Amino acid sequence: MSVLVTTESDAPALADMWSISGQLLHTPLYRRTHAALLAAAIGDRDVALLDAACGTGFPLLELRRMGFTDLTGADADVDLLARFRAAIAADAALCDWQPDLIIARWQELPQRIARRYDVVLNVDAAIGFMDSWLPGEMRAGEAAILARVTEVLRNFHAVTRPGGRFFIGLQKNNHKGNRYYPMFVGRMQLGGIEAEAHWNMSYDWQRRIKTWVNVVTEGGRTHEQTRYSYLFDLAELADLLRAAGFASVEQLPTPDALYEDILMARRGPL
């Protein structure tokens, strides 16, 4: 496997950007710990489950190995979905699994997905990045940003069946006391090359924008890449879930080893 690193001027694809930092963060132990937490909270292995930010397959691959049977993935990036399929084909224990993988942005979920699910996931702290990957799409101003987040949460509500549950993750360092947070992502050999990644995060609570500087070192070369996400804390996210129509919201206990908090929102009955 080759290690691909790009600079900001290269305008990398989303799949390329996460190819190193994602692997360094999502170690096998991290993936198992995260999926076990979700599995314990969900319980029934036969629920119809949609991961609305499935990317390259985390945590659906782990949930499949744990016995979940009815799994659907959705993502807007075709390269990430291609890597998901490649990961399935490369695993002898999963190679006969053919999950339904749907190309869909969160902003169009109800139009692209007619089915309603018992469980919907949006984990790995993905929610703030809803408008980050296409130039000019990010909203400006607190009111516009929070309205945009609520709009997308309503789409998750729409694909959750009455009485069903929605699990959403948010970075643990998204709290009002933070203005700057350096995070060591990980270090390991990738394709025979020593790789290391750090995220340097700055918080502008007035503008509701979080700046992420992804610093990757591989083979002695260091590269930086800057991306932006919307900014809100866990209590605000819980309020936005209620505003989007969910009847109740509770927080799951998460170990320190996981870099995100997880909220479980339940859709009310008809």
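## Where β10 meets β11

In this predicted model, Ser-248 of β10 sits across from Arg-266 in β11. The two strands run antiparallel to each other, and five bridges hold the pairing between β10 and β11 (residues 260–266).

## The seven-stranded sheet

Let's step back to the sheet that contains this pair. Its seven strands follow the order β3-β2-β1-β4-β5-β11-β10; the sheet is open, and its pairing is mixed. Which strands stand at the edges? They are β3 (100–103) and β10 (248–252), and because each has a single partner strand, one side of each lacks a neighbour in the sheet. Going from one strand to the next, the twist averages 20°.

## Helices on that sheet

Two helices are worth a look here. Helix α4 (residues 78–89) packs on the sheet and touches β2 (70–75) as well as β3, with its direction at about 170° to that of β3. Helix α6, spanning residues 142–158, also packs on the sheet, where β4 (117–122) and β5 (160–171) are its contacts. The direction of α6 makes about 140° with that of β5.

## The four-stranded sheet

There is also an open sheet of four strands, ordered β6-β7-β8-β9 and paired antiparallel. Here β6 (180–190) and β9 (221–230) are the edge strands; each has a single partner strand, so one side of each is without a neighbour in the sheet. Neighbouring strands are turned by 15° against each other on average, direction ignored.

How many bridges join β8 to β9? Ten, with β8 covering residues 209–218 and the two strands running antiparallel. Within this sheet, Glu-218 faces Arg-221 in β9.

Technical notes:
Residues numbered from 1 in each chain as written. Predicted model: local features only at pLDDT ≥ 70, side-chain atom pairs only at ≥ 80, totals over all residues. Heavy atoms only, no water. Pairing = 2+ DSSP bridges. Axes fitted to C-alpha atoms, helices over the stretch in contact; angles between N-to-C directions. Contact = heavy atoms within 4.5 Å.
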